[in-house]
Amino acid sequence: MTLPRLGLIVAVAALLATAVCMVAKPFGKARAQESATPKSPFDFQVYRNRVEPIFLKKRGDHARCYACHSQNESTFHLQRLMPGQTSWTEEQSRLNFASVLRLVAPGDPSASRLLLHPLAPESGGESYHSGGRQFETQNDPDWRTIAEWVRTAKPGS
Ligand code: HEC
């Protein structure tokens with residue numbers, strides 16, 4: 001092979017490599033965006049409309065989840081409301097959601113700490129919650145709302 005010929009081959013190869021990079025780039029970008037908004041098996045809208053209000057609600061004699069969990073350092077961490085507001089902004093709800101996701105197992109209420117920790121031990125709950133027996137039984141309507149949200153989350157979706 002003569003030298004000028006080799007030079008041509010190298011030049012063509014370099015061009016091809018550049019072309020491949022240009023084509024590959026947009027794909028790389030799309031993938032990066034996808035991972036920036038990870039898909040969750042849990043439905044955020046159902047969480048926001050039905051589950052989250054329970055954390056703010058005064059339920060019987062119990063202190064509200066919000067009263068402690070916006071102050072303490074537990075894994076279950078709720079954002080503080082903006083002054084004068086009675087509910088969270090969407091951005092705050094997303095942060096609350098991220099915290100709650102660490103305490104639930106998709107499709108399985110019986111493996112979800114969010115449901116077990118505040119539930120009375122005789123009803124299948126954990127032995128101690130310093131916030132008390134927030135749910136006496138699994139028939140508590142609020143407990144059932146949260147359990148339904150967990151149950152309908154499909155693992156791996
Ligand atoms: C009086 C304060 C108080 C209230 C009210 C309260 N909690 Fe708690 N909760 C705590 C504290 C303190 C901890 C951490 C120590 C412990 O595990 O008991 C905790 C822990 C938890 C945990 C375990 C988090 C982890 O780290 O694994 C969950 C889940 C939880 N609470 C859910 C709730 C829910 C749901 C409500 C409302 C229905 C609620 N709590 C109301 C004080 C409270």
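Predicted model: local features only at pLDDT ≥ 70, side-chain atom pairs only at ≥ 80, totals over all residues.
Two residues are counted as in contact here if their C-beta atoms, placed from the backbone, lie within 7 Å. By that criterion, and leaving aside residues up to four places away in sequence, H77 touches H69 and S99.

H77 sits in the loop between α3 and α4, the latter spanning residues 90–101. H77 has 16 C-beta neighbours inside 10 Å. A residue needs 20 or more such neighbours to be buried and 12 or fewer to be exposed, so H77 counts as partly exposed.

The chain as a whole has 6 helices and 0 strands, and its elements run α-α-α-α-α-α from the N terminus on. Of its 157 residues, 17% are buried. Among contacts between residues at least 6 apart in sequence, 51% join residues at least 24 apart.

The contact of α2 with α4 consists, by class, of 3 nonpolar, 2 polar and 2 charged residues. On the α2 side these are F44, Y47, R48 and E52, which meet S93, N96 and F97 of α4.

Helix α2 (44–56) also takes part in covering α6: together with α5 (113–116), α2 is included in what covers the buried residues of α6. Helix α6 covers residues 141–151, and its buried residues are W143, I146, A147, W149 and V150. Why do these residues lie on the same side of α6? They cover an arc of only 160° around the axis, which puts them on the same side of the helix. An α-helix has 3.6 residues a turn, so residues three or four places apart point the same way.

The remaining feature is the ligand. It is surrounded by 19 residues, and the closest are C65, C68, T75, S130 and G131. The elements that give two or more residues to this shell are α3 (65–69) and α5. Helix α3 supplies the largest share, 4 residues. By class, the shell divides into 9 nonpolar, 9 polar and 1 charged residue.

Methods: Residues numbered from 1 in each chain as written. Arc of directions from axis to C-beta. Near = placed C-beta within 6 Å. Nonpolar A, V, L, I, M, F, W, Y, C, P; charged D, E, K, R; others polar.
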